[in-house]
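User: I have a model open and want to talk through how it is put together. Can you walk me through it, starting with the overall make-up?

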Amino acid sequence: MATQWVLVAHGLITLLVVVSFLCGQWPIFQGTFVERIHHFLTFGAYDYFLRFVALIFGSRGRDCFLTVEHYCCERPNPILQLGYLAIIGMTYFIIAKSSFRYIPGHYIGEVHRYFSVVAVGVGVVLFLLTSFSDPGTVTAENVSQYLAAYPYDNIIYAEKECSTCKITKPARSKHCSICDRCVARFDHHCGWMNNCIGEKNTRYFIAFLLWHILICLYGAIFLGLILAGQLKERKVIYILTVYYGIENSFSGLFPHVVQWFLGSYNTQILLTVFLVVVAMLLAGFFGYHVHLCLTNTTTNETFKWQDYISWKKKLNEAKASAVALKASTHAVNRDGKSPLSKWKVCCRRAPPQQSEEEVIKNNVYDQGVVSNIYEILVPLSERRSLSHLKSL
């Protein structure tokens with residue numbers, strides 16, 4: 001039974017780390033150990049690691065590590081692309097090596113030998129499409145096309161020139177410092193793809209995420225059916241109840257069945273847990289990007305709106321403090337009473353409802369769910385209505 005408790009503890013710790021890393025900044029976790037774990041994972045661990053490298057290898061060793069980090073994280077490189085291919089290739093190889101001998105089985109047929117190859121192949125094709133397709137590079141030749149496709153909202157986007165490319169930056173574009181190019185409808189730079197996610201390949205990226213969620217779920221169900229089939233074929237329930245006198249109930253049989261699985265099929269159990277965890281992580285990322293697509297927003301714009309709203313709220317609070325200070329000054333001039341100190345007046349916050357009414361997210365690019373989805377599937381720059389501008 002010790003093995004089961006080790007696996008349970010491992011699963012709980014893994015879940016805590018994943019939740020802390022992804023959700024540690026949420027307001028609900030402020031001041032909790034989840035927020036502290038998040039800070040350690042995102043900042044503290046890296047700082048301690050650099051100190052450790054400097055302590056063991058000296059400043060030269062630390063500088064060497066930072067050089068490697070700069071190449072891996074801030075310059076185009078295929079490291080994570082090769083990592084993806086290694087992960088999906090090794091996972092499929094281990095599943096085939098350890099589990100294909102059990103098919104056909106009681107609950108699963110021979111067709112899954114071939115269907116699994118097709119499923120992985122489609123995933124790799126989507127990966128290659130996302131990695132090597134043009135995300136929507138803005139050049140001097142097509143900048144007029146993108147300027148017509150994406151008008152400025154004069155809130156988070158205003159007309160200006162890219163200091164690197166020396167061309168007018170269309171609205172919703174961004175110069176990627178890693179790829180060293182301006183990308184239309186820029187979302188983010190994906191290290192796994194070694195490519196930017198922009199106007200023309202967001203559709204492939206969304207399809208890639210969705211398909212890999214389905215692959216992981218398919219693999220977990222595939223392994224689960226194999227285990228259920230082995231449980232049935234080997235008559236484990238019958239043996240436990242008849243020969244060992246175990247009570248024929250879920251609570252009575254469960255620990256013994258789990259112990260039998262871990263002793264005979266531990267590889268399949270570990271693979272199933274791995275696939276479920278990956279599916280959950282991908283599902284969270286997929287859900288976030290689906291929300292962005294439905295509201296016609298990008299990851300880059302999400303941060304821009306956060307900065308704008310934060311700035312606007314601070315501006316409104318400053319204006320409210322100035323009005324309160326002015327009103328206090330008029331009051332003392334009228335009735336001779338001692339006014340509040342300037343410090344207290346300036347620190348006063350504007351009423352929450354006033355800030356909420358004035359600070360709103362006015363996304364002019366949100367044209368409704370159907371139009372937003374259509375814009376992802378058929379980018380604006382590829383439509384016939386703008387094709388005459390390509391030569392300008």
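Analyst: The secondary structure of the protein comes to 14 helices and 5 strands. Helices (H or I, at least four residues) and strands (E, at least two) are DSSP runs, numbered from the N terminus. This is a predicted model, in which local features need pLDDT of at least 70, side-chain atom pairs count only at pLDDT 80 or more, and totals for chains, interfaces and linings use all residues. Residues are numbered from 1 along each chain as its sequence is written, and side-chain values use heavy atoms, with hydrogens and water left out.

User: What percentage of the residues is buried?

Analyst: Buried residues make up 35% of the 392 in the protein. Buried means under 20% relative accessible area, exposed means over 50%, and partly exposed is in between (1.4 Å probe, protein chains only).

User: And how much of the contact count comes from residues 24 or more positions apart?

Analyst: Such pairs account for 65% of the contacts with a separation of 6 or more. Contact means heavy atoms within 4.5 Å.

User: Which residues carry the "transmembrane region" annotation?

Analyst: The unreviewed UniProt entry gives that annotation to residues 6–28, 40–59, 79–100, 112–132, 204–229, 236–257 and 269–288. UniProt positions are in the numbering used here, feature names are shortened, and annotations may be inferred rather than shown by experiment.

User: Take 40–59 and 112–132. Helix or strand?

Analyst: Residues 40–59 are 100% helix and 0% strand, with end C-alpha atoms 23 Å apart. Residues 112–132 are also 100% helix and 0% strand, and there the end C-alpha atoms lie 30 Å apart.

User: OK, packing. How do α4 and α6 sit against each other?

Analyst: Helix α4 (residues 112–132) and helix α6 (residues 202–233) pack at an angle of about 155°, with axes 9 Å apart. That makes α4 roughly antiparallel to α6. Axes are lines fitted to C-alpha atoms, for helices over the stretch in contact, and angles run from 0 to 180 degrees between N-to-C directions. Angles under 35 degrees count as roughly parallel, over 145 as roughly antiparallel, 65 to 115 as roughly perpendicular and the rest as oblique.

User: Left-handed or right-handed crossing?

Analyst: α4 passes α6 in a left-handed crossing. A crossing is left-handed if the near helix is turned anticlockwise from the far one by less than a right angle, and right-handed if clockwise.

User: Which residues meet there?

Analyst: On the α4 side they include His112, Phe115, Ser116, Ala119 and Gly123. The α6 side includes Tyr204, Phe208, Trp211, His212 and Tyr218.

User: Ser116, then. Buried or exposed?

Analyst: Ser116 counts as buried, because its relative accessibility is 8%. Its side chain reaches the backbone oxygen of His112 at 2.9 Å. Not counting residues up to four places away in sequence, Ser116 touches Tyr92, Phe100 and Tyr218.

User: Where is Ser133?

Analyst: Ser133 lies in the loop between α4 and β1. At 16% relative accessibility, Ser133 counts as buried. The Ser133 side chain reaches the backbone oxygen of Leu129 at 2.6 Å. Ser133 is in contact with Leu128, Asn195, Asn201 and Tyr204, leaving aside neighbours within four places in sequence.

User: And Thr137, what does its side chain pair with?

Analyst: Thr137 is found in strand β1 (residues 137–138). A polar contact of 2.9 Å joins its side chain to that of Asp134, and another, at 3.5 Å, involves the side chain of Arg181. A polar contact is a pair of N or O atoms within 3.5 Å; within protein, one must be able to donate a hydrogen and the other to accept it, and residues adjacent in sequence count only if both atoms are side-chain atoms. Thr137 counts as buried, with 18% relative accessibility.

User: What about Val273, how accessible is it?

Analyst: Val273, in helix α9 (residues 266–294), counts as partly exposed at 46% relative accessibility. The C-alpha atoms of Val273 and Ala220 are separated by 7.8 Å, though the two are 53 residues apart along the chain.
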